[in-house]
Amino acid sequence: MKVLILGSGVIGVTSAYYLARAGHEVTVVDRQPEPALETSFANAGEVSPGYSSPWAGPGVPVKAVKWLLMKHGPLVIRPKLDPVMWVWLLKMLRNCTSARYAVNKSRMIPIAEYSRDALRDLRRDIGIQYDERSQGTLQLFRYQAQLDGTAEDIAVLKQYGVPYETLSREGCIAVEPALAGVKEKFVGGLRLPQDETGDCHMFTQALARHAEALGVRFMFNTGIDRIVTEGARVSGVVTSAGMLQADAYVLALGSYSSRLAAPLGISLPVYPVKGYSITVPIKDAAGAPESTVMDESYKVAITRLGNRIRVGGTAEISGFSTKLYDARRATLDHSLTDLFPRGGDLSKATFWSGLRPMTPDGPPVIGPTPYANLHLNTGHGTLGWTMSCGSARVLADMLSGKKPDIDVSALTVDRYNHRFG
């Protein structure tokens, strides 16, 4: 088939690669001049299936009040006269129960683990390089109450067979030696040894080149205006380069997917939640992290990417604004310098923000729509890099008429017609 993919972030490019590998004729359209210049550009760098959990969970509403009052709090809400924002927030609150959290997490872990395995296969098959490290991730707890509160998370890890290690202070230092100099600032950690790290932007650009070698055509600097339908099928996409037509269409525009879906009568509750990052050149390799350290108190991830440190965090609900706020950088700076004071040269840091496409329940939206030839691959939130290869491989199987290796029926947009969502 001829397949038109809207979006060239990590989700769009992986979709293009797997569809081309399955023998389809693929075109990718994006307004940017290159792949992965928006949300995929400078994310936290984690491939973390073990941390694939909904943001909506029991206790989150109470925690949110505390986070909003913290100096370096992980949550920021900038209220707007936007009913879509408030409806999305209310839907998220509805999912903050133990029952819904359990269902939503059960939908996220399988696709995340499948994706990690698909990424490993991809490295083996084409030798792609992206500052990858397979040294696990460490969730670091500054307070005993945080460590004591891991029982529920550990129960879920056990349920899904995810390997984990509960570490003392000395155990944390054994896997992250640079923490020895600040050992009085934490009490222990939870390590997931199978998680990985890597530069999502580097990966996406490299995979785009492999996709081009398979015949994928990229149309950059091309604005996407609207999707045109005839009856129960999409007949084309209006762009700044004119009407583009194909046999099948894939909507992979991240936070912007809902804007194109709405005029078609598709209720897709994907809303942007802004995240921030700094990228810091390493000054002292012995003082830098070996992999990813999750600073649980500030919800900040500190990741080693080659000769750089990526520090990512904050959930800011402020619509589609990508404005950079110094207060958000201060949180990232604080977490890095507090835990790895010798590691990076902050005077040479670059500051960035991106819009995570979040669903109110947590799982992404993958698969068919009421229009027979329109498929979705969006709503991955903070886990787009983690879930990208698996989501794309599943989608390619669907469009090729093959049964996917895992059941993703609970990830379709239809779930929002039921009580979870």
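Colleague: Why does Y256 count as partly exposed?

Modeller: In this predicted model, Y256 has a relative accessibility of 22%, and because partly exposed covers the range between under 20% for buried and over 50% for exposed, Y256 counts as partly exposed.

Colleague: What makes the pair of F218 and F220 stacked?

Modeller: A search of the whole structure finds nine aromatic pairs. In the pair of F218 and F220 the ring centres are 5.5 Å apart and the planes stand at 10°; since pairing requires centres within 6.5 Å and stacking requires planes under 30 degrees apart, this pair is stacked.

Colleague: Are F218 and F220 buried or partly exposed?

Modeller: F218, with a relative accessible area of 13%, is buried, because that value falls under 20%, whereas F220, with 22%, is partly exposed.

Colleague: What parts does the pair of Y256 and F320 tie together?

Modeller: Y256 lies in the loop between β13 (248-251) and α9 (257-261), and F320 in the loop between β17 (308-317) and α10 (326-339), so the pair ties together parts that are 64 residues apart in sequence. Ring pairs also link W88, Y256, Y271 and F320 into a cluster.

Colleague: Which residue lies over the face of Y256?

Modeller: R31 lies there, at 4.7 Å from the ring centre of Y256.

Note on methods:
Residues numbered from 1 in each chain as written. Predicted model: local features only at pLDDT ≥ 70, side-chain atom pairs only at ≥ 80, totals over all residues. Heavy atoms only, no water. Phe/Tyr/Trp six-rings, centres within 6.5 Å; stacked < 30°, edge-to-face > 60°. Buried < 20%, exposed > 50% of the residue type's maximum accessible area, 1.4 Å probe, protein only. Helix = DSSP H or I, 4+ residues; strand = E, 2+ residues; numbered from the N terminus. Lys NZ or Arg CZ within 6 Å of the ring centre and 35° of its normal.
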